[in-house]
Amino acid sequence: MARSQLASLVRECLHQRKSSNEFNQILGFAIKRWKSTGPDIIAGLVSAVAGFCLDNDVLISGYLQVILISHHAQFSDCLYVFIRHWQVFAANNGAQTSGYVRLLAQMITDLAVTIPSIPLTPAQARKNIIWCSRWLQALFKLATAGAKHNDEHITLLVTALSGFLLTTLNIPAGLTAVKAAQDDLDDPLKRAVREAIHGSMTAFPDISMQLLSEAHKHPALDETIRPDTNNSQASEMAAINFENNVANSQIVPTRVATYVLLYDKELWNDLTALASPEALAIAKHFLHICILHQMISSETVQKLTGEDPNATTAKGLFPRQALVDQVSANATRAPRLVEELCKNDGNAGSFSQAIVQVMHRYCQTRDTQHLKEIANVFVRQPQAINSLTMFVTPAFFLAPFCTLLDEWTWDDIHGESQPVYEEFGSILLLIMTVKFRLGLRNEELGLTSHSGFVAHFLASGQSEKFLSQMSDSEKSNLGAWIHNLYESEGISDEVTSNCSAKEFYLMVPTLLRQSMAALAAGTLPQDRLEGGLDYLLEPFLLPSLLPSFEWLSQAILKDRKSAAIILRRLARSPENAETSKLHRTIMDIASVTFKAVLGQSSEKSQYADILELFDGPASFSVNSGVSGAELTGWTHEHGGSCAYLQKAVRDLIAIPNTGLYQPNIVSVAMSMRGPAGVIQALVTVLVQYAANNNFHQMLDIVATLVACRAPIGITLRNSLQLLHARLASLLKSGDPLFPQATVHLYRRVELYANALRPHAGIDENPLDNLDGMELPEIDLDQVPVTLDESKKQPAQTTQPETLANDALDQILTETAEMNQMDNYEMNDDNNIFVMDQYELGDIGDLDMTMF
């Protein structure tokens, strides 16, 4: 049971936002108690995180790094577990979510970032190189075999694995391992790398060039893929001379942002001499914003400008814990944090994490009254969701709310039940608002149960039931609600006490169907129908409009007259101002469905009056996805996603300030062509502007795109670095413009990336890093350079006895009620891996059809 216990432990640590150091202490005690091995720990981490779909959460990277730094597991343990998880994914024809593959790719990228800082033996490096090469070879075979999997999945993994392989080949242990294989032409390491390179030539030409370039640096790898030494050295010298002769771009003085980003005292002096007072004020304000966003330190700016940047403004940074303490002292502060979330320069991160920490604490203590107040602010101001989810993944944010609603019991209610209805509905409305605002799939909501209320509501909350399908209890509740809505003087506490909110929300479509049938039959007058529907506009029932509108979007196609009467009544805005804002958000959510359904109807002109009811924004959703029509236009009408990206970038200069550029085109192009293809397209644009006066402006635009981290977790910057490393081969084409543009872009991106590197020490980082952790020394001379050492257990460092065992017991107690792991957990807990956990043997002997 060790792996499932570890998965529960990791999940609870993520719930509580335990820092990396705290997690390391807790994990140390767990390892001692359960005698966990390296693969156990990594399998527990992957299973827990995959179940939540928490890709891109920096805590995940922190947990993985601390596991490796503390030697709880080895890099080969990670590859072993990742391969086995990928086999399950591949065997299911990629049936799991794309977030699952992004998680594996991100973790492999984390391995590449971490491995240079951890001393390895040559034998350990050798194993990593062989396994990584063989996994790559299997992926290349899968790509060329016309696999059913989404190309994006394979591209993500190939890109991440290639980066890990290239990094491993360049660390000291990797260099030693390669050198040790020099005399054996058929050494498994050389054979694995050679086969990976040959396999990449057809499937991924760009990756092939990267691997070949690295192989050329290691003469021991293979004579057949190593070029003539003299020619290679001559090409490298030619590339160096070429780059030295490429002059730095002449930066336009009026481009204030470019000057500021360079942080050069001489350039700043030029700026102050040339710029107007207005431009100088903008530059200083920009520098202050950079300080608030922790991009640079106050000291750096003071040296640059000669002025104290904090002297002219009182606005500073708010530590996360200080904000949490404010809420602890005064609960009314929490809703105001949400209201201020979009108004604080540089503090959105700390505000977001403080809000989530407070809301999660309320979920744990079942403080639903205060939770309702915060949730309502988010629903009234959905733009705050955009800000919060820039710093906290939606799945992590929403998971405790889904669990809370799933576990909500009606038997414990004492006193009036209508306020409890309102609290339950507010939390449900928040979940649905985030879902529609960000365009999330159900599996991206952090569901921990596939049989709970939230999953049931998402699957069938918009569906009606026939009376013959209802139980006696359901029929009784339906009759009571019909009586209270249309025949009594109001909604009694008895009906809300006897019918839980869960039962009510699942019953709403059936209630509307019966009401519409009664209206059509003449047994329910229209005025009584409309009067009863007004109760649904009361705050404690307002969230019921979500399933109501969802059901009406289909019902109106079958019975336009009756459905329109109900729709118009529910579309009326409540008189109360705060309730009206909640209603407005619900209408915006409903507009997504109505415009999609009625817009595709062959008789859509007949529904113009209905669509007028939804006069909100053109699209409530701000997700980065694209519609089928957009994708068709980008990939067919404009010659492909990269071609459209080139057009969109050129239009930023040719047709400025039109808002035609769509940021999601970058992620779409990357998913279809890979980071290398996008870099190729962007450098080509620079080539087109080589003799144009707008070259410097275009260079700024393209460099900004590349310096920003890509949403799928693989950076364009890495691909640009690899392209720059191939400068010698680029020069062989005979056209100097493309290599020249590559050099210019590489220099500018590196300049921006280094200038904007987060400055440690401005303020506490809410997500603890590992910089302060003392790395244990490993005596490499005492470790044999043979694969026999792989049979040894991973070294276990002694954990400081600063965390009592009862702390671990508390964590485990809090996880005891958690459901079994999601579908990502693999079969029998003690037999996840079919081979010995430390002697994987020859991966070539595995059933590669499962890849």
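Is Arg568 buried, partly exposed or exposed? Arg568 counts as partly exposed, at 37% relative accessibility; here buried means under 20% relative accessible area, exposed over 50%, and partly exposed in between (1.4 Å probe, protein chains only).

This tour concerns a predicted model, in which local features need pLDDT of at least 70 and side-chain atom pairs count only at pLDDT 80 or more, while totals for chains, interfaces and linings use all residues. Residues are numbered from 1 along each chain as its sequence is written, and side-chain values use heavy atoms, with hydrogens and water left out.

**The whole chain**

Begin with the protein chain displayed as a cartoon. The chain has 40 helices and zero strands; helices (H or I, at least four residues) and strands (E, at least two) are DSSP runs, numbered from the N terminus. Of its 851 residues, 54% are buried. Among contacts with a separation of 6 or more, 78% join residues 24 or more positions apart, contact meaning heavy atoms within 4.5 Å.

**Two loops with positive phi**

Select Lys35, in the loop between helix H2 (20–34) and helix H3 (38–52). Lys35 is not a glycine, yet its phi is positive, at about 50°. Its relative accessibility of 69% makes Lys35 exposed.

Proceed to His71, in the loop that separates helix H4 (58–69) from helix H5 (75–91). His71 also has a positive phi without being a glycine, here about 60°. His71 is buried, with a relative accessible area of 14%.

**Salt bridges**

Next, display the charged side chains. Side chains of opposite charge can pair when their charged atoms come close. A salt bridge is counted where a side-chain nitrogen of Lys or Arg lies within 4 Å of a carboxyl oxygen of Asp or Glu. By this criterion, the whole structure contains 18 salt bridges.

Select Glu307 and Lys284, whose side chains form a salt bridge with an N to O distance of 3.1 Å. Glu307 belongs to the loop between helix H16 (298–305) and helix H17 (320–329), and Lys284 to helix H15 (residues 277–292), so the pair ties together parts that are 23 residues apart in sequence. Glu307 is partly exposed at 39% relative accessible area, and Lys284 is partly exposed at 31%.

Now select Arg513 and Glu464, which are joined by a salt bridge of 3.0 Å, N to O. Arg513 is part of helix H27 (residues 501–521), whereas Glu464 sits in the loop between helix H24 (453–460) and helix H25 (472–486), so this pair ties together parts that are 49 residues apart in sequence. Arg513 is partly exposed, with a relative accessible area of 24%; Glu464 is partly exposed, with 28%.

Since Arg568 lies in helix H30 (residues 560–570) and Asp609 in helix H32 (residues 608–611), the pair ties together parts that are 41 residues apart in sequence. Asp609 is partly exposed, at 27% relative accessible area.

Then select Glu530, Asp534, Arg569 and Arg572, which are linked in a network of salt bridges.

**The packing of helix H18**

Select helix H18 (residues 333–340) and helix H20 (residues 368–380), and view them together. Their axes come within 8 Å and cross at roughly 15°; axes are lines fitted to C-alpha atoms, over the stretch in contact for helices, and angles run from 0 to 180 degrees between N-to-C directions. H18 and H20 are therefore roughly parallel to each other, a description that applies to angles under 35 degrees. At this contact, Ala334, Pro335, Val338 and Glu339 of H18 meet Glu373, Ile374, Val377 and Phe378 of H20.

Which residues of H18 are buried? They are Arg333, Ala334, Pro335, Leu337 and Val338. These buried residues pack against H17, helix H19 (348–365), H20 and helix H21 (383–388).

**Gln646**

Finish at Gln646, in helix H34 (residues 641–654). Gln646 counts as buried, at 15% relative accessibility. Which residues does Gln646 touch, not counting residues up to four places away in sequence? Gln646 touches Ala681, Thr684 and Val685. Zoom in on Ala681: its backbone oxygen lies 2.9 Å from a polar atom of the Gln646 side chain.

Technical notes
A polar contact is a pair of N or O atoms within 3.5 Å; within protein, one must be able to donate a hydrogen and the other to accept it, and residues adjacent in sequence count only if both atoms are side-chain atoms. Angles under 35 degrees count as roughly parallel, over 145 as roughly antiparallel, 65 to 115 as roughly perpendicular and the rest as oblique.
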